[in-house]
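Here are my notes on the model you sent over, point by point. Have the structure open while you read.

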Amino acid sequence: MNLPLISVVIATWNRKDDLKEALEKYLNNSYKNIEIIVVDNNSTDGTKNMVVRDFKDVKLISLSENTGVKAYNIGIKEAKGDIIYLSDNDAYLEEDGFFKIVNKFQNGSVNLAVISCEIVYIPQNIIYEWYSRPIDRNNINPNGYEAHLFIGAGAAIKREVFKKVGYYDESFFLFFNENELSTRIIGAGYDIKYFPDIKVYHKTSSKRYPNRTRYLTVRNMIWYYWKYFPIHIAFGRTIIRLPFECIISLYHRIRIFEIFKTIYDTFNGLPNIIKNREPIPKKYVKKALRYENVFQDIFHWIQETQKRRKQLKNNSW
């Protein structure tokens with residue numbers, strides 16, 4: 001088998017210990033034809049010194065500010081591999097995962113552009129069941145399953161795809177950026193496939209920022225609808241999803257002020273999004289929305305969230 005160069009690109013911000021563990025795993029992987037690029041979003045916890053001191057074979061790009069997903073764009077543009085592997089700073093691929101990725105690309109359709117891996121939360125070993133269609137994990141299809149997006153904790157993308165569709169939309173900063181890029185990839189006629197037989201182990205970091213997460217998720221979700229989909233779909237999903245997401249924010253004890261700020265900034269930014277709309281071809285709309293209406297989408301999100309919380313409760317840290 002021809003073993004192409006794989007570029008592992010990691011964007012990081014103030015997760016020194018998680019990043020160190022991930023880098024050790026990647027450097028000890030049995031697949032050796034890889035390069036690792038870490039783009040640091042101006043961490044203040046000693047991340048840069050740690051990478052320079054402990055990982056001589058890792059290319060470090062240090063930024064002067066926190067740029068969000070722009071850090072991934074910088075790393076991808078710097079990468080030399082024909083396959084770009086995107087990783088969270090608290091995740092790592094299984095031992096023979098890169099060999100599996102190469103095999104899937106080499107034996108798959110020419111339209112196969114993205115491989116989305118199975119995400120397993122550790123130490124509980126709980127599967128992130130984001131994929132809404134039933135899968136028999138005792139009889140996994142080696143050709144994968146058609147998907148509407150990839151999960152950025154662990155995904156492989158052909159380098160040529162970025163040249164055709166572009167990179168992450170940096171105005172999204174963080175969250176829903178995977179949906180945004182995935183929709184452009186699908187709109188260009190490529191396929192994204194989910195391969196449950198390629199596992200990524202994702203450590204759920206304790207360093208989370210709920211206010212920022214909710215703010216960016218809700219804002220970017222609405223912007224995403226208006227940027228890529230027909231007006232009637234964007235409008236319909238906005239009037240249903242926005243109130244629903246506000247209720248979820250209240251459930252998570254997000255302050256009313258933060259909720260109003262989210263709503264204001266969402267609508268304040270909409271004119272610019274609408275001005276620069278890039279609707280995907282109509283024949284790809286249903287595929288990009290995983291062939292589901294907004295109510296099915298909400299139902300599957302609730303179902304997955306409840307199941308994961310139950311598993312976490314039964315398998316406490």
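1. Let's start with a loop residue, N42. You'll find N42 in the loop between strand 2 (34-40) and helix 2; helices (H or I, at least four residues) and strands (E, at least two) are DSSP runs, numbered from the N terminus. N42 isn't a glycine, yet its phi is positive, near 60°. Its relative accessibility is 28%, so N42 counts as partly exposed. For the cut-offs, buried means under 20% relative accessible area, exposed over 50%, and partly exposed in between (1.4 Å probe, protein chains only).

2. Before going on, a word on what we're looking at. This is a predicted model, where local features need pLDDT of at least 70 and side-chain atom pairs count only at pLDDT 80 or more, while totals for chains, interfaces and linings use all residues. Residues are numbered from 1 along each chain as its sequence is written, and side-chain values use heavy atoms, with hydrogens and water left out.

3. F176 is another non-glycine with a positive phi, about 65°. This one sits in the loop between helix 5 (159-165) and helix 6. F176 is buried, because its relative accessible area is 18%.

4. One more backbone item: the peptide bond joining I122 and P123 is cis, with omega about 10°. P123 belongs to the loop between strand 6 (112-122) and strand 7 (126-127).

5. Now the chain as a whole. It has eleven helices and ten strands. The radius of gyration is 19 Å, close to the 20 Å from the globule rule for 317 residues, so the chain is as compact as a globular protein of that length. (That radius is taken over C-alpha atoms, and the rule is 2.2 Å times the number of residues to the power 0.38.) The C-alpha trace spans about 50 × 45 × 45 Å along its principal axes, and 53% of the 317 residues count as buried. Among contacts (heavy atoms within 4.5 Å) between residues at least 6 apart in sequence, 79% join residues at least 24 apart.

6. What does L23 touch, leaving aside its neighbours within four places in sequence? L23 is in contact with I10, I36, V38, V51, F55 and V58. It lies in helix 1 (residues 16-27) and counts as buried, at 0% relative accessibility.

7. Helix 1 also packs on helix 2 (residues 47-54): the axes come within 10 Å and cross at roughly 25°. Axes here are lines fitted to C-alpha atoms, for helices over the stretch in contact, and angles run from 0 to 180 degrees between N-to-C directions. That makes the two helices roughly parallel; angles under 35 degrees count as roughly parallel, over 145 as roughly antiparallel, 65 to 115 as roughly perpendicular and the rest as oblique. K16, L19, K20 and L23 of helix 1 meet T47, M50, V51 and D54 of helix 2.

8. Helix 7 and helix 8 (residues 231-251) have axes that come within 8 Å and cross at roughly 170°, so they are roughly antiparallel. Helix 7 contributes R214, V218, M221, I222, Y225 and W226, and among the helix 8 partners are F235, L242 and I248.

9. Helix 7 (residues 210-228) also packs against helix 6 (residues 177-187), at an angle of about 15° and with the axes 10 Å apart. That makes helix 6 roughly parallel to helix 7. Here N179, E180, T183 and R184 in helix 6 meet Y224, K227 and Y228 in helix 7.
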